[in-house]
Amino acid sequence: MEQVIRTRGLTKDYGSVLALDDLSLDIGPGITGLVGANGAGKSTLIKVLLGLVPPSSGEATVLGLDVIRDAAAIRARVGYLPEHDCLPPDVSASDFVVHLGMMSGLPRVAARERAAEVLRHVGLAEERYRPMGGYSTGMKQRAKLAQALAHDPRLVLLDEPTNGLDPAARDDMLGLVQRVGQDFGFSVLVTSHLLGELERVSDNVVILDSGRLLRASQTRDFLDATGTLLVEVIGADAQTRMGHALAAAGVPVQARGGLLALDPAPELGLDVHDLIRDTAFDLGVGLVRIQADHRRIEDVFADA
Ligand SMILES: Nc1ncnc2c1ncn2[C@@H]1O[C@H](COP(=O)(O)OP(=O)(O)OP(=O)(O)O)[C@@H](O)[C@H]1O
Ligand SMILES: [Mg+2]
């Protein structure tokens, strides 16, 4: 597998805190969720990968480039959405993204085209000439995403892009993150303190705990390991009909609030996701979402 990010024994000692503790990680292409509680070391890892913070010991490469020797080359190829506000309030999103594109070497006309494209992509086509100081939090987060894409990077590091957003805006932002990964073909590392939020958009999940690697695996393995899936369907009698059909297919189902909770036995050897999709299609029922039961997925922390 092509390595996008590789660390070996990576340690960051801030003196009073060991923010990264002997971290060895291999991250391949696609969308990777980096999950951990507050203070777990997510932002520190991202800053080390960008060459913004020197590690105390150990090594790391990004796109095959060394974080100490090749920091400038890494920053030329990697987009970054910082966790804190980084937007000049008096500047419009358009001017800001054009400026960043030109700083990275694009001629003015190309930088303008690129800025218009990424701002349209994040849904800021209308507001792009307004000063960013007047933006809502949701618009600011989208402008931050746009600036990370300004120079056509190969990898983007997104530090809590959903921070401060209401549930609907969170869903929108996660949809954008997913499209960045899929449409533009970039690799993405995206952080959150909520595992349940990233499992929907990530191919792989890495969990940090006090600067140490707690777990790294395919998102699908998490779902398998934690068992219960929650399914939301819409339509006339959708929940009842879906429940009966899945039970008939050998998957026991319980109603939980407006959702169906499934505990597929692994020995069935079924691809439960496919079964759910096919069943919904056959019944003409609208499938809103399939997600792992968050309470169970929190147990990943408890187990370890
Ligand atoms: N510049 C610094 N100087 C001293 N300690 C720091 C510094 N930056 C981070 N830390 C400490 O390192 C640890 C990891 O911080 P970090 O910001 O990487 O965590 P995080 O996972 O991003 O947390 P959050 O979810 O709150 O953003 C924390 O204990 C933090 O207080
Ligand atoms: Mg952080």
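Let me start with one residue pair. L229 has L262 as its bridge partner in β13. L229 also stands opposite A292 in β14. Keep L229 in mind; we will build the sheet around these pairings.

Some housekeeping. This is a predicted model, where local features need pLDDT of at least 70, side-chain atom pairs count only at pLDDT 80 or more, and totals for chains, interfaces and linings use all residues. Residues are numbered from 1 along each chain as its sequence is written, chains are lettered from A and ligands numbered from 1 in the order in which they are written, and side-chain values use heavy atoms, with hydrogens and water left out.

Terms next. Helices (H or I, at least four residues) and strands (E, at least two) are DSSP runs, numbered from the N terminus. Two strands pair if DSSP finds at least two bridges between them.

**The sheet around L229**

Which order do the strands take? The order is β12-β13-β11-β14, in an open sheet of 4 strands with antiparallel pairing. β12 (253-256) and β14 (286-292) are the edge strands, each with a single partner, so one side of each has no neighbour in the sheet. From one strand to the next, the twist averages 30°. For angles, axes are lines fitted to C-alpha atoms, for helices over the stretch in contact, and values run from 0 to 180 degrees between N-to-C directions.

Now the pairings. β11 and β14 are antiparallel, with 6 bridges. β11 and β13 are joined by 3 bridges, also in the antiparallel sense. β12 pairs with β13 (residues 259-262) over 4 bridges, again antiparallel. There, Q254 has A261 as its bridge partner in β13.

Helix α9 (residues 238-248) packs on this sheet, touching β11 (229-234), β12 and β13. Contact here means heavy atoms within 4.5 Å. The direction of α9 makes about 15° with that of β13. Helix α10 (residues 272-283) lies across β11, β13 and β14. α10 runs at about 165° to β14.

**The other sheet**

On to β2-β1-β4-β5. These 4 strands form an open sheet, and the pairing is antiparallel. β2 (18-27) and β5 (65-66) stand at the edges with a single partner strand each, so one side of each lacks a neighbour in the sheet.

β1 (residues 5-13) and β4 (residues 57-62) run antiparallel, joined by 5 bridges. β1 and β2 are joined by 6 bridges and run antiparallel. R6 takes part in both pairings: its bridge partner is T61 in β4 and D26 in β2. β1 and β2 form a hairpin with 4 residues between them. In that turn, G15 has a positive phi of about 100°.

**The ligands**

What coordinates the magnesium ion (ligand 2)? S43 (OG) and E83 (OE) do, at 2.0 to 2.5 Å. These two are 40 residues apart: S43 sits in helix α1 (residues 42-49), E83 in the loop between β6 (78-81) and α3 (93-103). Donors are N, O and S atoms within 2.8 Å of the metal (3.2 Å for Na, K and Ca); water is not among the atoms, so sites may look incomplete.

Buried or exposed? S43 counts as buried, at 13% relative accessibility. E83 is partly exposed, at 23%. The cut-offs: buried is under 20% relative accessible area, exposed is over 50%, partly exposed is in between (1.4 Å probe, protein chains only).

Ligand 1 has 13 residues around it, and G39, K42, S43, T44 and E83 come nearest. Near means one heavy atom of the residue within 4 Å. The E83 side chain has an N or O atom 2.9 Å from an oxygen atom of ligand 1. For N38, a polar side-chain atom lies 3.1 Å from a ligand 1 oxygen. For Y14, a side-chain N or O atom is 3.4 Å from a ligand 1 nitrogen. A polar contact is a pair of N or O atoms within 3.5 Å; within protein, one must be able to donate a hydrogen and the other to accept it, and residues adjacent in sequence count only if both atoms are side-chain atoms.

**Two last residues**

T219 is in helix α8 (residues 219-226). T219 counts as buried, at 5% relative accessibility. The T219 side chain reaches the backbone nitrogen of N204 at 3.3 Å. Leaving out residues up to four places away in sequence, T219 touches E199, S202, D203, N204 and V205.

G185 lies in the loop between α6 (167-183) and β8 (187-192). G185 is exposed, at 58% relative accessibility. G185 and G30 are 155 residues apart along the chain, with 8.0 Å between their C-alpha atoms.
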